[in-house]
Each structure stands twice: as C-alpha cells, then as structure tokens.
Amino acid sequence: MIGNLPPHGAATRLVLVRHAEPDGPALGRVCGRTDVPLGAAGRRRADALGVALAASPLAAVYASPLARALETARPIAAAQGLEPVTCDDLRELDFGDVDGLRFEEVETRYPELARAWTETPASVRFPGGESLADLRARVLPAVAAIRARHRAAAVAIVAHAGVLRVVLADALGLPDDAFFRLDQAHGGVSVVDWLADTPVVRVVNAAAGL
C-alpha cells in the first residue's frame with residue numbers, strides 16, 4: 001500500500017501510475033487508442049490516489065491524453081496544486097484492427113496473433129497498428145525528456161499498462177518478451193529513481209487508496 005514515499009534525495013523520481021478502472025463497457029475489451037472514460041469505481045480510485053500521493057511533493061503530473069488517464073491524473077495533480085500536462089507519446093499501444101474488440105473475439109478472429117502476443121510479444125505488429133518496438137520508440141524518449149526537465153525532482157506519469165511496462169522493463173533491463181511479467185493493475189503505482197543515468201526501481205504495482 002502506497003502512503004508517504006521515502007525522500008528521493010538528489011535522484012530524479014518518476015511515480016508511475018496506471019489509470020483507474022474504465023467505464024464498464026470497456027472492461028473485457030482491447031483498449032488502445034479507443035478513448036473511454038473512467039467508470040464510477042475508477043473515479044473513486046482516482047480520488048483515492050490523489051489523497052494517497054498528496055503527502056509526496058510532485059513538481060509536475062504528466063498524463064496520456066486519453067480520457068481514462070487524464071481523468072485519473074486530475075485528482076493527483078489537484079492535490080498538489082497542479083494541472084496535468086498531456087503528452088501524446090504516453091498514449092497506449094495502438095492495437096490497430098484489434099482495438100475495441102472483446103478479448104474472446106480477438107482469440108477467435110486472430111488466434112495466431114493472440115497466442116504470439118501472450119508468448120512472444122516482441123514478435124507482434126498489430127494489423128493497422130503498432131508493435132512493441134514502436135511503443136518503446138516513442139515512450140522512452142518522451143520519458144527521458146520528462147526526466148531531463150525535472151532533474152532531482154519527483155514527477156508523476158499517469159498512463160497505460162503497456163506504456164508503464166515499457167518504462168519498467170527498460171529500467172530493469174528486461175527483454176521485450178518479458179513484457180507481461182510486470183503486472184500493472186488499474187490504479188497501481190510504481191516508483192523509479194534515477195541516480196544520474198542509473199535507474200533504481202523502488203516500487204512496482206503497489207495499491208494506493210482503496
């Protein structure tokens with residue numbers, strides 16, 4: 001459970017937050033570029049995240065522009081007297097033709113793709129969408145730019161499971177095919193401190209608030 005985070009000293013800290021639960025019809029579907037709002041449970045969790053992180057000073061709160069992330073970021077930012085800053089490169093992986101389908105529909109219509117995404121995600125490019133390499137290529141430079149902008153400060157990034165897995169996998173030196181070894185629950189909080197250019201992962205997928 002996340003409460004007060006320990007001081008980060010001279011390190012640059014990223015508090016990584018997965019968006020809270022989306023609206024009911026989105027659950028059980030592949031949601032990448034599909035823009036869905038938070039549901040009632042998600043709004044409660046977003047408020048609780050704001051309370052849980054309020055005692056840990058943040059210099060800025062960055063968010064994906066998709067509604068489920070931005071709506072989660074607003075209470076976190078408000079508790080710090082801030083407004084969230086949107087960053088388009090923090091949006092979720094574009095699942096292309098699969099986006100918006102129910103998981104069972106994907107398994108029925110794209111069985112080989114579904115199996116490869118689970119077993120060897122680095123080998124997959126979604127038809128009409130992105131690959132994991134594409135996601136890394138836009139997310140990691142965006143996160144590096146945020147770190148450079150806020151040296152020796154703490155900032156929050158509110159985004160999506162895929163985005164945060166990329167950041168954590170890079171910090172831990174994990175290969176792309178280990179992508180799904182990193183659980184990222186709705187509203188989960190992870191913390192990475194950078195000591196110069198060396199990342200130290202302090203927390204992974206901790207619950208906050210509810």
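# Reading a predicted fold step by step

Me: Let's start with the right-handed β-α-β unit; which elements make it up?

Reply: Strand β2, helix α2 (residues 67–78) and strand β3 form that unit, and its hand is right-handed. Please keep in mind as we go that this is a predicted model.

Me: How many strands does the open sheet have, and in what order?

Reply: There are six, and the order across the sheet is β3-β2-β4-β1-β5-β6, with mixed pairing. Reading from one end to the other, you meet β3 and β6 at the edges; each has a single partner strand, so one side of each is left without a neighbour in the sheet.

Me: Which helix packs on the sheet, and what does it touch?

Reply: Helix α6 (residues 161–172) does, and it touches β1, β4 (154–159), β5 and β6. The direction of α6 makes about 145° with that of β1.

Me: Back to β2. In what sense does β2 pair with β3, parallel or antiparallel?

Reply: Parallel: β2 (residues 60–63) and β3 are joined in that sense over two bridges. For a residue-level handle, look at Tyr 62, whose bridge partner in β3 is Val 85. With β4, strand β2 also pairs in the parallel sense, over four bridges. There, Val 61 stands opposite Ala 156 of β4.

Me: What about Ser 64; where is it found?

Reply: Ser 64 sits in the loop between β2 and α2. The cut-off for buried is under 20% relative accessible area, so Ser 64, at 0%, counts as buried. If you list its contacts beyond four places in sequence, you find Ala 69, Leu 70, Cys 87, Leu 90, Arg 91, Val 158, Ala 159 and His 160.

Me: Let's turn to charges. How many salt bridges does a search of the whole structure find?

Reply: The search gives 12. One of them joins Asp 193 and Arg 13, with the closest N and O atoms 2.7 Å apart. To see what such a pair connects, look up the element on each side: Asp 193 is in strand β5 (residues 189–195) and Arg 13 in strand β1 (residues 12–18), 180 residues apart, so distant parts of the chain are linked. Both Asp 193 and Arg 13 are buried.

Me: Which residues are linked with Arg 13 in a network of salt bridges?

Reply: Asp 193 and Arg 202 are in that network with Arg 13.

Me: How far apart are the closest N and O atoms of Arg 33 and Asp 94?

Reply: They are 2.5 Å apart, in a salt bridge. Arg 33 counts as partly exposed, at 47% relative accessibility.

Me: And Asp 197 with Arg 147; what is the separation there?

Reply: Their closest N and O atoms are 3.8 Å apart. The cut-off is within 4 Å, so the pair still counts as a salt bridge. Asp 197 lies in the loop between β5 and β6 (198–206) and Arg 147 in helix α5 (residues 132–149), so the pair ties together parts that are 50 residues apart in sequence. The two sides contrast in accessibility: Asp 197 is exposed, at 63%, whereas Arg 147 is buried, at 17%.

Definitions and conventions
Residues are numbered from 1 along each chain as its sequence is written. This is a predicted model: local features need pLDDT of at least 70, side-chain atom pairs count only at pLDDT 80 or more; totals for chains, interfaces and linings use all residues. Side-chain values use heavy atoms; hydrogens and water are left out. A salt bridge is a side-chain nitrogen of Lys or Arg within 4 Å of a carboxyl oxygen of Asp or Glu. Buried means under 20% relative accessible area, exposed over 50%, partly exposed in between (1.4 Å probe, protein chains only). Two strands pair if DSSP finds at least two bridges between them. Contact means heavy atoms within 4.5 Å. Axes are lines fitted to C-alpha atoms, for helices over the stretch in contact, and angles run from 0 to 180 degrees between N-to-C directions. A crossover is right-handed if, with the strands pointing away from the viewer, the path from the first strand over the helix to the second runs clockwise.
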